[in-house]
Amino acid sequence: MKPNIGDIYCVYVERISQFTACQVTMLKDTDSGKKSQLAAILELDWTGDKLPDEAELLNMKPLVCDFYFWNDKLDHCLVDANVPPHYILVGNLPPLVTEETNSYSGWHIGGSTRRQRRWSLIDEDRRQRFKEAAKDNSLIEMGQGNKSLSTNKVDDDFLQSLEDLFELEKLPCLTQIHANGPYESLLPFVISNPIINQLHLTNHGYASVDVRESNLETLIIDAEGLGELFLNEGLAELSFVGVLSPDLIIHAHNEGSWITANCSSNAPISCGLNRLRCLHLRSVTELDLQPIVQSFPELRELRIWGKPGTVSNIHSLEKLARLQGFSTYDMFGFAGNQFPGPDQMSNLSWLWMTSLPAEAAQFIKANYKKEVVKGLDLSISKPRKPEWLAENVSNPFRDWDGRDNITPANAKKAVQLYKKMIASIHTMEEQRKEGIEVVNGC
C-alpha cells in the first residue's frame, strides 16, 4: 500500500502494549523513478489503548526526544514507501514538519517512544549529569591516562589500567563497556549504573552470568563455557560470540518475547527462549529449520547469512504463524515449491532473499509478486545457477557481485583472478607430486 503525504498511521507496539502513531511528511522518488519511492515518516507524541478519535487526531504533535545523546530531536526518517500490512491508516492532516530529513531507517514506529520512557525512569540527577557532561570535553585523570568527561565507551585496555572499576562513575556519559576477561566488580558496577545500556563480555570464564538487575539493552557475550544466563527485563539485543553449548539455559523475562538473538553458525535450541522475537544466524554452513521452528514458535523475524550454506526443511516456516520478516543470504539446497506461499505466511511484511538457487528465486518471486501491492516489501536478487555455485562456492570474492561501490567489471575480474590463482596452485601441487614420484622411483 502506497501512502499519501499527510497520512497518519497507527501500529500496535507489543513492547509497550499500546498503539503509537506516525505521519508521512513527504514522498521522494529514488534514482529508479516513481516506481521506487521513499517516504519520510515522523513519529508522533501519542499513545493509546485503542485507535485515536477525531479529537486526538487533530491534537497530535511530533515526538520530541531527549534520551541519551538526543537533544530535543525528532524521529524523522526516510523509509521504503510501502506501508506494512499491520499499519492502520487513521486520517490525513497537513504535515506537522516540512523540513527534509537525510536519516534512513525502517517502519519501526514506537521505538523512540519506548526509549524515551526508559530514559525518564532513570534518576533525574544522573540524567542531568549526563546532559552536562555530554557537552564537556575536558579531561579527567583516570587509570594510567586521561579520559574526556563526555566519554561514552571504554575498552579492555582502559579497564586494566583501573584499580577499581567503580572509578568509572567519574564518566557520567558512559553507556558502553567492552571487557575481554573476568573482572570481579564489573557486573556489580553495571548493575549499579542505569546509564550503561551496552555490555560486551568476552573471555570471561564464567559458567553463570546474571544481569537481571541491570538496565542493559544490548549484551554481547562469549558463549565459551557458559551454562546459565540470567537476563534483565529491558534487554533487546542478545549476541553470542563463539559456539553455544547445547546445555545452555537462558532465563529471560516473558521467555524472550522482546529479544533479538544473534548467533554464529548455531542457534540456542531449547534454551529457555521459547517466545523469542527475532533470530539472526550468521556464518551458517548447514541448517535444519525444523528444530528452529519448534524451539521458537513465536518468531516475528528470522534472518540467515550463509558461509555459504544449505538449508533443509524450509517448508516448516509455514508453522511460524507470527512471522513478519524473513531473509536469507548465500543459502542454497532448496527448491522454490518447498518455500511456503503467501497464504501460509499471511503476516509477512518483508521477504528478502539474496544469492539463492535460480529456480527457487524465480518461483518465489512469481509467487509473492502480487503481495507487493498489499504492502509486502519483496526483494529476490542474485539468483545462482548450479554452475555458478560449483565454480564460486569457495571463492571469497563471490559476494562482490552486486555489492555497492564495486563495478560488475571489477567483481568479475576479482573472481577470475582468484580462480586463476587456485588453478595455478593445483598445477604446482600436481607437479610437486610428480616430482616426488620420480625421485622415489630412482
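Biologist: What pLDDT does the protein chain average?
Modeller: This is a predicted model. The protein chain averages a pLDDT of 91, and 90% of the residues score at least 70.

Biologist: Switching to strands. In what sense do strand 8 and strand 9 pair?
Modeller: Antiparallel, over four bridges. Strand 8 covers residues 139-142 and strand 9 covers residues 145-148.

Biologist: Which residue in strand 9 is the bridge partner of Leu139?
Modeller: Ser148.

Biologist: How many residues sit between the two strands of that hairpin, strand 8 and strand 9?
Modeller: Two. Gly143 is in the turn, with a positive phi of about 60 degrees.

Biologist: Helix 3 next. Which of its residues are buried?
Modeller: Arg126, Phe130, Lys131 and Ala133, in a helix that spans residues 124-134.

Biologist: What covers them?
Modeller: The cover includes helix 2 (111-120) and helix 5 (186-192).

Biologist: Which residue caps the N-terminal end of helix 3?
Modeller: Asp123. One of its side-chain oxygens lies 3.1 Å from the backbone nitrogen of Asp125.

Biologist: Now Gln290. Which helix is that in?
Modeller: Helix 6, residues 289-295.

Biologist: What is Gln290 in contact with, leaving aside neighbours within four places in sequence?
Modeller: Asn313 and Ser316. Gln290 and Asn313 are 23 residues apart in sequence, yet 5.9 Å apart in space, C-alpha to C-alpha.

Notes
Residues are numbered from 1 along each chain as its sequence is written. This is a predicted model: local features need pLDDT of at least 70, side-chain atom pairs count only at pLDDT 80 or more; totals for chains, interfaces and linings use all residues. Side-chain values use heavy atoms; hydrogens and water are left out. Two strands pair if DSSP finds at least two bridges between them. pLDDT is the predictor's confidence in each residue, from 0 to 100. Contact means heavy atoms within 4.5 Å. Buried means under 20% relative accessible area, exposed over 50%, partly exposed in between (1.4 Å probe, protein chains only). A polar contact is a pair of N or O atoms within 3.5 Å; within protein, one must be able to donate a hydrogen and the other to accept it, and residues adjacent in sequence count only if both atoms are side-chain atoms.
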